[in-house]
Amino acid sequence: MSATHIAYGSIRMEPVFMVLGQSAAVAAGMAIDGKQPIQAIDVKQLQKRLASNPYADGSQPDILVTSDHETQTTRKGSWMVQTYGGFGPSFLMDTTNQEKSIRFKPTIPKAGTYTIYTYVPKVKNRSSEASIEVFDGKQKKQQMIRSAEVQVAGQTSGEWVSLGSYPLPAGTTAYVEISGKGNVIVDDVLLVPERKR
């Protein structure tokens, strides 16, 4: 990899190495198939292939909906963006005493069974529990996330918590809504499709 010593500080991390390795392999395959130098491949086409087939096996990719996604979330309350301690670059926090909620509305490309997760950052003074409503297109399921029960494994500042597996229809009917009172923290929601072995 050709980079300055400053850029290499980020490039040397294992997840970045893995992404670079897969990207380089797909690019090499495109160059071989097109009988052209690797520098001449269509970069937009490379990006499209990587996004549509991230596991390089043709299986359906996971669906991630971030808390700051404007078209796939609906917010009620006085949410503030926090930039440290979440899964991605940010998460949302509402410290008012009013009722508040965020509804995640993923776009599901193919009907099937999905395991749904939400990321729970371990932030000081957060509300002891949050209410979760999962709508699978036919019925609603209520559950609670209790902060004290979330065990962080490894060197992260939070943990993915499973909300269960659901048969979900294609489209935008299904949703996950997180609500509560007090200092409520909401981060991202992840849908992992069932993969046949």
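Predicted model: local features only at pLDDT ≥ 70, side-chain atom pairs only at ≥ 80, totals over all residues.
Residues are numbered from 1 along each chain as its sequence is written, and side-chain values use heavy atoms, with hydrogens and water left out.

Helices (H or I, at least four residues) and strands (E, at least two) are DSSP runs, numbered from the N terminus. Helix α2 comprises the 21 residues 14-34, which at 1.5 Å a residue should span 30 Å; the end C-alpha atoms are 30 Å apart, in agreement with that value. The expected span is 1.5 Å times one less than the number of residues. Within α2, S23, A27, M30 and A31 are buried (under 20% relative accessible area with a 1.4 Å probe, protein chains only; exposed is over 50%). These residues cover an arc of only 95 degrees around the axis, which puts them on the same side of α2; the arc is that of the directions from the helix axis to the C-beta atoms. The face turned away from the buried side of α2 carries the exposed residues E14, M18, A25, I32 and D33.

Strands β7 (residues 129-135) and β8 (residues 140-146) pair in the antiparallel sense over seven bridges, where pairing requires that DSSP finds at least two bridges. V134 stands opposite K141 in β8. Four residues lie between the strands of this hairpin, in which G137 takes a positive phi near 100 degrees.

Two cavities of 30 Å³ or more are present in the structure. A cavity is a set of points, on a 1 Å grid over the protein atoms alone, where a 1.4 Å probe fits but cannot get out; lining residues have an atom within 4 Å of a point. The largest cavity has a volume of about 60 Å³, and its lining includes T118, Y119, R126, I145 and D187. Strand β6 (112-121) and strand β11 (184-186) each supply at least two lining residues, with the largest share, four residues, coming from β6. By class, this lining has eight nonpolar, one polar and two charged residues.

The second largest cavity holds about 30 Å³ of space. Among the residues lining this second cavity are P106, I116, V134, F135 and L191. Two or more lining residues come from each of β7 and β10 (175-180). The lining of the second largest cavity has nine nonpolar residues, with no polar and no charged ones. Ala, Val, Leu, Ile, Met, Phe, Trp, Tyr, Cys and Pro count as nonpolar, Asp, Glu, Lys and Arg as charged, and the others, Gly among them, as polar.

Note on methods. 1 Å grid on protein atoms, 1.4 Å probe; cavity = no way out; pocket = protein on both sides within 12 Å on 5 of 7 lines; lining within 4 Å. Points joined across faces, edges and corners; volume = space filled by probe spheres on them.
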